[in-house]
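Here is a short note for a colleague who is meeting this structure for the first time. Please keep the view open while reading the points.

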Amino acid sequence: MNAKPPVRIAILAMPETSASVIYGMYDMFMSAGRDWAQIVEGRAGVVTMVPRVVSCHGDSFIGGNNVRITPDASLAACMDADVVCVPELMVAPGTPLDGRFLEEIACLRTCHAAGKILATACSGAILLAEAGLLDGYEATTHWAYCDLMTRRYPKVKVRTQRALVASGEGQRLIMAGGGTSWLDLALYLIARLAGVEVAMQTARVNLVDWNDIGQQPFASLARTGQAEDAVIARCQTWIADHYAEPSPVAAMIRYSGIPERSFKRRFEQATGMSPLEYVHTLRLEEAKQMLEAGSEPVEAIANEVGYEDAGFFSRLFRRHVNLTPAQYRKRFGGMRKAIQAVT
C-alpha cells in the first residue's frame, strides 16, 4: 500500500504579518507526524504536512515587528497547495483596505474556486471577507475586529465568542480568532487532514493546550475610542468616573443637556452601543480587573461596580464574558499571580 502523500500547505506572508505566526505555523505543520516518532519511539517519523511560505512576488521583505521574511515561492505556488493559510494582518481596525492586497485577494478567490481549503488566523479573516468569500456564512476574527467585520461586511454572520469557525461549502473556510489561536487553527487542520492521533501527538510534543472557552474572556468589552461627536465624547469621559452611580444613563442624559431621545440616538450613532450597553461594558471591565487582582467576594464586586443584585451581575457577566465570575477569577487571577511570582 502506498503511503498517503503529505498535505501541501501554503502560508501567505505579507509585510503586515508577523514572523512568529508565519514560522510558528510552519514549525507546527512540520512537526506533525515527524517529531513524536523521533522523540518517543526513536525512529524517523513520517512527514504528514509540507508547508511553504509564499508571498506576492516571492521576494524577501521586512515583515511585522521588523523581522526579515524569506518566502519559498510566489503566489502562483498556492495553486499547488491543498490548503492556503492567511496569518494576521497588522493593520489597525478600521484602516481602509481599498486598493490593498489586490493580488492576494484575487489569489484567494481563485484558490477557493479551485476547491482548496482557506484557513485564517486572527485578523486574516478580513481578507476572506474583502474577497466576498464569507457572504452568507459564519465567521470569526480577532475580537478587536469583530465589530469592524459586522459593519463593513453586513452579509457575514460574525460569531464573536467563538475561537474557531469552519464554514462555507465543505467547511473549506476555516477561521481562528485572535492572538495565539493560530495554534488551535494548526491543530484543527492537522486533526482534519492527518488524523486526530497525529494532532494529539503534535500537541503533546509542543505542549499546546486547546482553547475551549472562546475569545470573550480575553476581550476588552469597553470600546476606548472617543466619539467624534463632542457632546457624546464629553459624556464618555464623565461616565468613565460615574458608571457605578444609581441610574447612570439618566444622569448622563442630564449631564449632556440634550433631550433623552436625541441623546440616545446620537450616543448609539457615535459609539455603536446604546447608553445602557456602554455602562454595562464599563462596569464589567472594572469587575474583570477586580476579579483578577483581588479576593473580594463576587457580591461585593457586583455592588462596587453598580449592581445591587449579584445574581443579575453574574448572569450578565457570563453572557458577555463566557465564564462565570468565579471561573474568570480562577483562570485569570491565577495567571496574574503566576506572572507576578516570576517577575
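Predicted model: local features only at pLDDT ≥ 70, side-chain atom pairs only at ≥ 80, totals over all residues.

1. Residues are numbered from 1 along each chain as its sequence is written, and side-chain values use heavy atoms, with hydrogens and water left out.

2. The protein chain has 14 helices and 11 strands, and its C-alpha trace spans about 75 × 45 × 35 Å along the principal axes. Of its 343 residues, 49% count as buried (under 20% relative accessible area, with exposed over 50% and partly exposed in between, using a 1.4 Å probe and protein chains only).

3. The structure holds 7 aromatic pairs, where rings of Phe, Tyr and Trp (its six-membered ring) pair if their centres lie within 6.5 Å, and planes under 30 degrees apart count as stacked, over 60 as edge-to-face and the rest as tilted. Tryptophan 238 and tyrosine 255 form a stacked pair, at 5.1 Å centre to centre with 20° between the planes. Tryptophan 238 lies in helix 8 and tyrosine 255 in helix 9, so the pair ties together parts that are 17 residues apart in sequence.

4. Tyrosine 307 and phenylalanine 312 form a tilted pair, at 5.9 Å centre to centre and 55° between the planes. Tyrosine 307 is buried, at 5% relative accessible area, whereas phenylalanine 312 is partly exposed, at 32%.

Technical notes. Helix = DSSP H or I, 4+ residues; strand = E, 2+ residues; numbered from the N terminus.
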